[in-house]
Amino acid sequence: MKLLVTGGAGYVGSVTSRLLLDAGHEVVVLDNLSTGVRAAVAPDATFVEKDIRDAAEVLTPGAGFDAVLHFAGLIAAGESMVRPELYWHDNVVKSLALLDAIRAARVPRVIFSSTAAVYGNPVELPITESAAKAPTNTYGATKLTFDHALTSEAHAHKLAAVSLRYFNVAGAYIRDGHEIGERHSPETHLIPIALQVAAGKRDKLQLFGDDYPTDDGTCVRDYIHVEDLARAHLLALGAATPGEHRIYNLGNGHGFSNKQVVEVAREVTGAALPAEIGPRREGDPATLVASSAKARAELGWVPQKPTLQAMIGDAWTFYRAHVA
Ligand SMILES: NC(=O)c1ccc[n+]([C@@H]2O[C@H](COP(=O)([O-])OP(=O)(O)OC[C@H]3O[C@@H](n4cnc5c(N)ncnc54)[C@H](O)[C@@H]3O)[C@@H](O)[C@H]2O)c1
């Protein structure tokens with residue numbers, strides 16, 4: 001297939017591009033490099049430095065794209081609460097312009113990076129796709145809004161749309177001389193922050209609260225290896241069906257507490273990783289664990305690297321080679 005990957009200079013988009021290319025697809029990466037890194041773009045992909053707002057310049061009716069994989073967007077939940085206008089603009093206004101271009105060019109399929117943040121505080125665990133959607137931050141609200149846009153687009157215009165709702169993504173792609181990983185700046189995710197401490201770039205870690213109703217009192221999150229996540233996109237491309245908007249949660253189905261993450265990061269890196277407990281962070285649910293039963297049943301998706309050791313081990317290999 002000929003594929004347009006928006007956000008292919010970012011973390012998940014660059015790893016997924018690698019898997020798509022390895023599977024024999026033709027990949028064009030469209031990224032404005034606002035948070036992405038040019039060096040992360042797969043060398044055998046075509047790179048277009050452009051904003052998704054202007055995607056119609058690439059997605060012309062004659063260009064022959066078979067699908068768009070839409071990763072581009074702003075991702076920091078905390079920032080979305082202090083600068084919400086940025087998030088509505090990038091994740092909704094510009095994404096709708098991309099959708100207009102997709103419609104005009106008659107691209108038949110779209111795979112969208114949605115998020116667990118659309119669910120907010122879960123009423124029941126594990127979280128299924130039919131759970132109530134009640135985002136507690138603007139980031140989640142913007143992603144849910146675009147999910148709704150895809151539902152109506154599929155219904156009205158027979159688009160084959162798939163939203164993949166990622167839980168916490170971790171790890172790196174380490175294979176055949178390719179090392180592709182996470183380099184967000186500023187970093188807001190626990191595992192890369194732990195690696196920064198291990199590499200001496202930060203003094204200590206801060207965990208937000210240890211009085212949650214969990215086994216050790218710290219928040220529990222469902223982590224998914226970025227390579228497992230990327231594979232789900234290839235399966236979604238195969239399953240996309242005209243007129244349907246399919247939605248799948250992607251997580252391991254069991255959670256790890258913040259303290260467990262720090263323990264495994266200590267094991268993997270051999271560093272002391274001093275960690276202090278700070279106050280709770282507003283809007284943080286105690287536990288977020290996905291039910292990925294639907295993705296397993298309908299896509300045949302099975303995570304190959306479900307352990308924290310594999311995720312943090314690969315992330316550390318990437319970090320030492322490319323970031324430290
Ligand atoms: N990383 C996670 O844990 C996680 C969890 C759930 C969902 N997601 C979703 O997955 C997607 C990818 O996340 P990531 O961690 O790879 O983020 P990232 O910041 O590494 O990548 C996003 C990419 O999009 C590009 N971009 C942003 N706005 C753009 C625009 N208007 N036009 C063109 N390019 C633009 C950036 O330059 C960057 O390369 C996002 O949509 C995010 O909401 C990520």
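P126 lies in the loop between β5 and α4 (138-157), where helices (H or I, at least four residues) and strands (E, at least two) are DSSP runs numbered from the N terminus. The peptide bond from L125 to P126 is cis, with omega near -10°. This is a predicted model, in which local features need pLDDT of at least 70 and side-chain atom pairs count only at pLDDT 80 or more, while totals for chains, interfaces and linings use all residues. Residues are numbered from 1 along each chain as its sequence is written.

A cis bond also joins S185 to P186, with omega near 0°; P186 is found in the loop between β9 (178-180) and α5. Another backbone feature belongs to R106, a residue other than glycine whose phi is positive, near 55°. R106 is placed in the loop between α3 and β5.

The ligand comes next. Its shell consists of 27 residues, and the closest are G7, G10, Y11, G36 and S113; a residue is near a molecule if its C-beta atom, placed from the backbone, lies within 6 Å of it. At least two residues of the shell come from each of α1 (11-22), α3 (84-104), β5 (109-115) and β7 (168-170). The largest share, 3 residues, is that of α1. By class, the shell has 10 nonpolar, 13 polar and 4 charged residues. Here Ala, Val, Leu, Ile, Met, Phe, Trp, Tyr, Cys and Pro count as nonpolar, Asp, Glu, Lys and Arg as charged, and the others, Gly among them, as polar.

Helix packing can now be considered. Two packed helices are described by the angle between their axes and the distance between the axes. The axes of α3 and α4 come within 9 Å and cross at roughly 15°; axes are lines fitted to C-alpha atoms, for helices over the stretch in contact, and angles run from 0 to 180 degrees between N-to-C directions. α3 is therefore roughly parallel to α4, since angles under 35 degrees count as roughly parallel, over 145 as roughly antiparallel, 65 to 115 as roughly perpendicular and the rest as oblique. The residues in contact (C-beta atoms, placed from the backbone, within 7 Å) include Y87, W88 and L99 of α3 and Y139, F146 and A149 of α4. This contact has 9 nonpolar, 6 polar and 3 charged residues.

Among the contact residues are V261, V264 and V268 of α7 and L308, I312 and W316 of α9. This contact divides into 7 nonpolar, 4 polar and no charged residues.

Definitions and conventions: Two residues are in contact if their C-beta atoms, placed from the backbone, lie within 7 Å.
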